[in-house]
Amino acid sequence: MEEGLKENMQPIKRLIIVGNGFDLDHKLSTEYSGFKKYLLNNKYKDAFSLIPSPNYDNHGEEYFDNDELKCFLFRKIQGDDDDEWKNFEERLGYLYFSENLFSLSELGNTDGNEWHYTEDNEDNMTNAFRAFSHLTAYFMEWINDVVDEYNADTSSWETKSSFSKLLNTNTNILNFNYTNTVENLYKFNNVNHIHGTLNDEDIILGHSHINQSTTEQFLGADDTIIALEQSLYKDTNKIIYNNIDFFGNLHDVEEVYTYGFSFSDVDMPYAAEIINKISSNATWFLHSSPHEIEHKEHYVQKLKNNDFIGTITEWL
């Protein structure tokens with residue numbers, strides 16, 4: 001019997017959730033470790049720890065040194081860890097600037113010059129905010145470089161027959177990638193890029209951490225630190241609301257397939273919304289790639305924790 005048809009020949013309404021593992025499985029080098037290397041590709045490597053200050057051209061226009069920016073962004077995102085940035089977006093919710101700022105305890109020993117140091121704090125965090133405003137543009141530049149390299153050799157393009165069989169007029173794809181790999185390789189356009197694509201002026205990138213601290217730590221800088229955290233925050237509730245038509249149309253979905261979706265904390269609110277909308281009898285298919293099989297028990301538990309009561313199985 002043809003894939004996706006019931007015994008009465010009615011097509012099954014199907015949702016496929018596509019994550020970064022999909023692009024990786026199609027030979028795109030989109031690991032976050034690649035963005036780490038992109039930022040490290042600067043003349044300072046990782047040795048520049050100061051918050052960059054702007055320069056001004058002959059017309060008074062502000063600009064930053066790209067090498068300083070890249071090194072600074074790398075240092076702050078890397079923190080004290082030494083890994084491959086698999087949790088890159090979550091890191092953006094845990095940025096620390098203590099080495100660049102004067103704390104309240106330090107200001108108590110400044111012999112009456114605390115306002116001078118407060119102004120330094122304010123200037124430093126303002127520049128840090130400006131520096132991080134370049135993060136998304138750098139990220140898009142890196143992804144574009146990856147895609148350009150991939151597109152330069154179309155002989156490496158390879159489709160997956162098991163995925164192709166899932167695509168029909170009753171299939172919807174929720175795509176967490178910024179690339180158009182699905183559209184280009186499979187000529188399938190019923191795709192919702194929930195965080196935007198490289199064709200857009202901007203994309204959605206960010207963390208899910210909400211800082212509950214209300215204690216002043218760095219006089220003159222605390223408000224800007226909060227503003228920076230908020231600017232890097234991925235407001236999933238707002239994104240879901242902005243895609244209300246898509247999620248509202250999932251009520252009769254009977255099959256959900258994941259392909260390269262990592263069930264990260266920052267993106268779990270979308271999975272919870274899907275579970276809330278689809279049929280209670282739906283079946284959830286986890287892709288049987290080595291990575292997803294390795295984390296299967298964890299993914300299954302996350303689905304159950306979000307009240308999924310249907311069948312969970314695998315597909316290839």
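Visitor: Which residues does His 287 touch, leaving out those up to four places away in sequence?
Guide: This is a predicted model, to start with. In it, His 287 touches Asp 25, Thr 258, Tyr 259, Glu 292, Ile 293, Trp 315 and Leu 316.

Visitor: And where does His 287 sit?
Guide: In strand β7, which covers residues 283-287.

Visitor: Is His 287 buried or exposed?
Guide: Buried. Its relative accessible area is 5%. The cut-off for buried is under 20%, so His 287 qualifies.

Visitor: Which element gives the largest share of the lining?
Guide: α1, with five residues.

Visitor: How do the lining residues divide into nonpolar, polar and charged?
Guide: There are 14 nonpolar, 17 polar and twelve charged residues.

Visitor: Now strand β4. How many of its residues are buried?
Guide: Five of five. The strand spans residues 171-175.

Visitor: Which way do the residues of β4 point?
Guide: Thr 171, Ile 173 and Asn 175 point one way. Asn 172 and Leu 174 point the other way. Both sets are buried.

Visitor: In what sense do β1 and β4 pair, parallel or antiparallel?
Guide: Parallel, over five bridges. Strand β1 covers residues 14-18. Within that pairing, Ile 17 has Leu 174 of β4 as its bridge partner.

Visitor: How many bridges join β4 to β5?
Guide: Three, and those strands run parallel too. β5 covers residues 191-193. Ile 173 has Val 191 of β5 as its bridge partner.

Visitor: What unit do β4, α9 and β5 make?
Guide: A β-α-β unit, and a right-handed one. Helix α9 in that unit is residues 181-186.

Visitor: Zooming out. How many helices and strands are there in the protein?
Guide: 15 helices and eight strands.

Visitor: What box do the C-alpha atoms fill?
Guide: Roughly 85 × 45 × 35 Å, taken along the principal axes.

Visitor: And what percentage of the residues count as buried?
Guide: 47% of the 316 residues.

Visitor: Take contacts between residues at least 6 apart in sequence. What percentage join residues at least 24 apart?
Guide: 74% of them.

Visitor: Back to single residues. Where does Ile 12 lie?
Guide: In the segment before β1. Ile 12 is buried, with a relative accessible area of 11%.

Visitor: What separates the C-alpha atoms of Ile 12 and Phe 64?
Guide: 53 Å. Along the chain, those two are 52 residues apart.

Visitor: One more. Where does Asn 100 lie?
Guide: In the loop between α4 and α5, the latter being 104-107.

Visitor: Why does Asn 100 count as buried?
Guide: Because its relative accessible area is 11%, and buried means under 20%.

Visitor: What is Asn 100 in contact with, leaving aside neighbours within four places in sequence?
Guide: Ser 49, Leu 50, Ile 51, Lys 76 and Asn 124.

How values were computed: Residues are numbered from 1 along each chain as its sequence is written. This is a predicted model: local features need pLDDT of at least 70, side-chain atom pairs count only at pLDDT 80 or more; totals for chains, interfaces and linings use all residues. Side-chain values use heavy atoms; hydrogens and water are left out. Helices (H or I, at least four residues) and strands (E, at least two) are DSSP runs, numbered from the N terminus. Buried means under 20% relative accessible area, exposed over 50%, partly exposed in between (1.4 Å probe, protein chains only). Contact means heavy atoms within 4.5 Å. Ala, Val, Leu, Ile, Met, Phe, Trp, Tyr, Cys and Pro count as nonpolar, Asp, Glu, Lys and Arg as charged, and the others, Gly among them, as polar. Two strands pair if DSSP finds at least two bridges between them. A crossover is right-handed if, with the strands pointing away from the viewer, the path from the first strand over the helix to the second runs clockwise.
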